Each structure stands twice: as C-alpha cells, then as structure tokens.
Amino acid sequence: MRILVTGGTGQVGRALQRLAPPGYSIVAPGSDRCDVTDFDAFIRLVADEQPDVIVHAGAMTDVDGCERDPERAFRINATGTQHVAAAAQQFGAALVYLSTNYVFDGEAAEPYHEFAERRPINVYGRSKLAGEEAVRAIAPRHYIVRTAMVYDETGRNFVNTMLRAAAERPSLTVVADQRGNPTYAGDLAAGIYRLIEQPAYGTYHLVNEGSASWYEWATEIFRLAEIETRVEPIPAAEWHRAARPPANGVLANTAAAALGITLPPWQDALARCLARRAALQPA
Ligand SMILES: NC(=O)c1ccc[n+]([C@@H]2O[C@H](COP(=O)([O-])OP(=O)(O)OC[C@H]3O[C@@H](n4cnc5c(N)ncnc54)[C@H](OP(=O)(O)O)[C@@H]3O)[C@@H](O)[C@H]2O)c1
C-alpha cells in the first residue's frame with residue numbers, strides 16, 4: 001500500500017508516519033515540498049509517487065489566523081483540497097480528507113453525528129467545509145474524517161501551551177463553556193489506518209471517546225502531569241480572540257463505530273501522550 005500524506009510535518013502527518021503498519025510505504029512531505037495550492041506541482045508529485053491512497057492532512061489550522069486572512073484560508077483549505085481531490089481522481093487514488101468539528105455551529109444540545117446539518121460560524125470552519133464539498137464533488141472514493149482538538153507530544157497544541165503556561169505563571173484562566181473531544185494524533189492515525197482497510201467510503205467522526213471543556217481538559221493535564229497550578233474557569237466571552245469556536249464542538253462517532261472502529265477514552269489517550277512526552281524530554 002503506497003500512501004501519500006500532505007501536511008507530513010504536522011501532528012497527524014507525523015503520527016501517520018510513526019504508526020504505519022508493516023508493508024505500507026509512506027511519503028509525507030511538508031508544505032515546502034508539497035504545497036497543495038500549486039496544482040501543477042501537486043499533480044507531478046502524485047504522478048511520481050503513484051499512491052494507492054492520499055491522506056490530505058495539510059491545512060491552514062491556525063483558526064484565528066484564518067479569521068484574519070480568509071483569502072489565504074480558502075486558498076489552502078478549499079482550493080488546495082480541490083487540487084488534491086482532482087489529483088486523486090485523475091490517478092485513481094482513494095482520498096482521506098481530514099475535516100473538523102468546526103463545520104458545525106455548536107448550538108445543538110447533543111453531540112453532532114456524521115450527517116448533522118453543517119453550519120460553520122468562523123472562516124476556518126467555512127474553508128474546511130468548502131474542502132469537504134470539493135472532495136464529495138470530485139473524488140467518489142473518499143473518506144471524510146472529521147476530528148477535533150488534536151494534540152501530540154511536540155506540536156503546537158493546547159496540551160503543550162498549557163504545560164508551557166504553567167511553567168511561567170502561578171495561575172491560569174481557561175474557557176469552560178466550549179466543549180469538544182480532545183483527540184491524540186496517534187490514536188487518530190491508528191483509526192485512519194483501520195478505516196482505509198475497508199472500501200467503506202463516506203463521512204466519519206474519529207475522536208477519542210468522551211468530551212471535555214478546555215477547562216476540564218487543562219485540569220486533567222495538570223493532574224496527570226502532577227503540576228500544581230491554580231486553574232480558574234472563565235466564559236468564552238472573557239477570552240478575546242479573532243475567531244469564535246462552536247460552544248458544543250462534541251462529535252459522536254456512529255459511522256466508524258458501526259465498522260468496529262472507536263478510539264480510546266480521551267483521558268487514557270492523554271495519559272499515554274504525557275508519558276511519551278516525558279520519555280522524549282532530554283534528561
Ligand atoms: N489540530 C486540530 O485541533 C484539528 C482539529 C480538527 C481537524 N484538524 C484537521 O486535521 C488535519 C491535520 O491537522 P494537524 O493538527 O496535523 O495540523 P498541524 O500540526 O497544524 O499541521 C498542518 C500541516 O499542514 C501543512 N500545510 C500548511 N499549508 C500547506 C499547504 N499550502 N500545502 C500543503 N500542506 C500545508 C503544514 O506544513 P508546514 O509545517 O510545512 O507549514 C503542516 O504539515 C488538518 O486538515 C486540520 O484541518 C485539526
């Protein structure tokens with residue numbers, strides 16, 4: 001199985017390389033060698049690699065940055081995805097497109113299932129939804145994999161931000177009225193590999209089980225890392241940022257679960273990530 005991963009330097013791209021099953025050959029360049037906004041260059045790369053599957057994990061993921069620069073957000077997340085879908089279709093590769101819980105408005109009382117109405121409330125969500133539409137229109141052999149709150153040991157993510165902040169400040173305020181599913185990139189990558197074993201094309205939610213607010217997530221990070229820091233819950237209205245995330249960003253995995261694919265509880269995943277992070281730190 002030959003797999004081409006876009007966004008190979010990102011959290012999901014790195015996890016896909018680290019966890020590739022035996023017999024899989026993975027090519028996973030970063031945006032310097034694989035810029036999805038450059039259609040001709042991307043077509044040449046796919047022609048050279050002849051992948052069986054393209055996992056499109058590359059994206060502009062800075063949610064506030066997207067709000068400030070919508071043109072760039074849509075160029076990468078929407079038009080870039082259109083390019084990837086066209087190349088996958090032209091060269092007969094199946095396509096995995098990483099999408100997001102931010103395609104939903106967050107107003108629902110329940111977790112969002114795969115076919116809930118999509119109504120993004122920020123530029124990032126709108127640009128990723130446009131990517132979903134391109135994939136559906138162009139590449140019939142697709143898996144749209146929505147995920148949420150992704151983190152790993154080393155990336156630019158909430159876990160590392162909290163641990164850095166705790167080292168610098170005696171107390172922190174963290175938003176308590178926005179929820180999602182904290183999802184470990186390693187578990188997500190393992191779920192993607194299980195999914196693509198079957199030609200069950202469609203839309204999936206792959207997230208660690210359970211949900212948390214940013215505040216609950218931070219509290220669990222400090223408990224597991226045995227760090228004593230005062231964490232105060234605040235409403236999102238008191239945390240000023242360019243983009244508004246959905247209040248309820250919780251995804252329900254029903255479609256992948258029907259295939260027997262669920263990810264472990266988020267607290268278990270966080271404990272494994274923190275243990276691996278500690279092992280990677282220089283002594
Ligand atoms: N992170 C989350 O919380 C989250 C939540 C839901 C969904 N997702 C989705 O999951 C996917 C993977 O996220 P992640 O956390 O691994 O992201 P990440 O760590 O921020 O990495 C993003 C990757 O995209 C690459 N990239 C940026 N611009 C590109 C371009 N023009 N062409 C090709 N690649 C480009 C980056 O390359 P450089 O390093 O070279 O810039 C990097 O490798 C994304 O599609 C994201 O939308 C993420």
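Predicted model: local features only at pLDDT ≥ 70, side-chain atom pairs only at ≥ 80, totals over all residues.
Biologist: What makes the chain of 283 residues a compact globule by its radius of gyration?

Modeller: The rule gives a radius of gyration near 19 Å for a compact globule with 283 residues. The chain has 18 Å, which agrees, so the chain fits the rule. Along its principal axes, the C-alpha trace spans about 55 × 40 × 40 Å.

Biologist: What share of the contacts in the chain joins residues 24 or more positions apart?

Modeller: Among contacts with a separation of 6 or more, such residues account for 81%.

Biologist: How many helices and strands are there in the chain?

Modeller: The chain has ten helices and 14 strands. The unreviewed UniProt entry places an "RmlD-like substrate binding" domain at residues 1–276. Over that stretch the chain is 40% helix and 19% strand, with the end C-alpha atoms 28 Å apart.

Biologist: Which strands form the open sheet, and what is the sense of the pairing?

Modeller: Six strands form the sheet, in the order 2-1-3-4-5-10, and the pairing is parallel. Strand 2 (25–27) and strand 10 (202–205) are the edge strands, since each pairs on one side only. From one strand to the next, the twist averages 20 degrees.

Biologist: How do you know that strand 4 and strand 5 pair?

Modeller: Pairing requires at least two bridges. Strand 4 (residues 94–100) and strand 5 (residues 142–147) have six bridges, in the parallel sense. In one place, Val 96 stands opposite Tyr 143 of strand 5.

Biologist: What makes strand 3 a partner of both strand 1 and strand 4?

Modeller: The cut-off is again at least two bridges. Strand 3 pairs with strand 1 over four bridges, and Leu 4 stands opposite Ile 54 there. Strand 3 also pairs with strand 4 over four bridges, where His 56 has Tyr 97 as its bridge partner.

Biologist: Why are both faces of strand 3 called covered?

Modeller: A residue is buried if its relative accessible area is under 20%. Val 53 and Val 55 on one side are buried, as are Ile 54 and His 56 on the other. By that cut-off, 53% of the 283 residues of the chain count as buried.

Biologist: What makes helix 7 a helix that packs on the sheet?

Modeller: Contact means heavy atoms within 4.5 Å. Helix 7 (residues 185–195) touches strand 1 (2–6), strand 2, strand 4, strand 5 and strand 10. The direction of helix 7 makes about 160 degrees with that of strand 5.

Key: Residues numbered from 1 in each chain as written. Heavy atoms only, no water. Helix = DSSP H or I, 4+ residues; strand = E, 2+ residues; numbered from the N terminus. Axes fitted to C-alpha atoms, helices over the stretch in contact; angles between N-to-C directions. UniProt positions renumbered as here; feature names shortened; annotations may be inferred. Rg over C-alpha atoms; globule rule 2.2 N^0.38 Å. Buried < 20%, exposed > 50% of the residue type's maximum accessible area, 1.4 Å probe, protein only.
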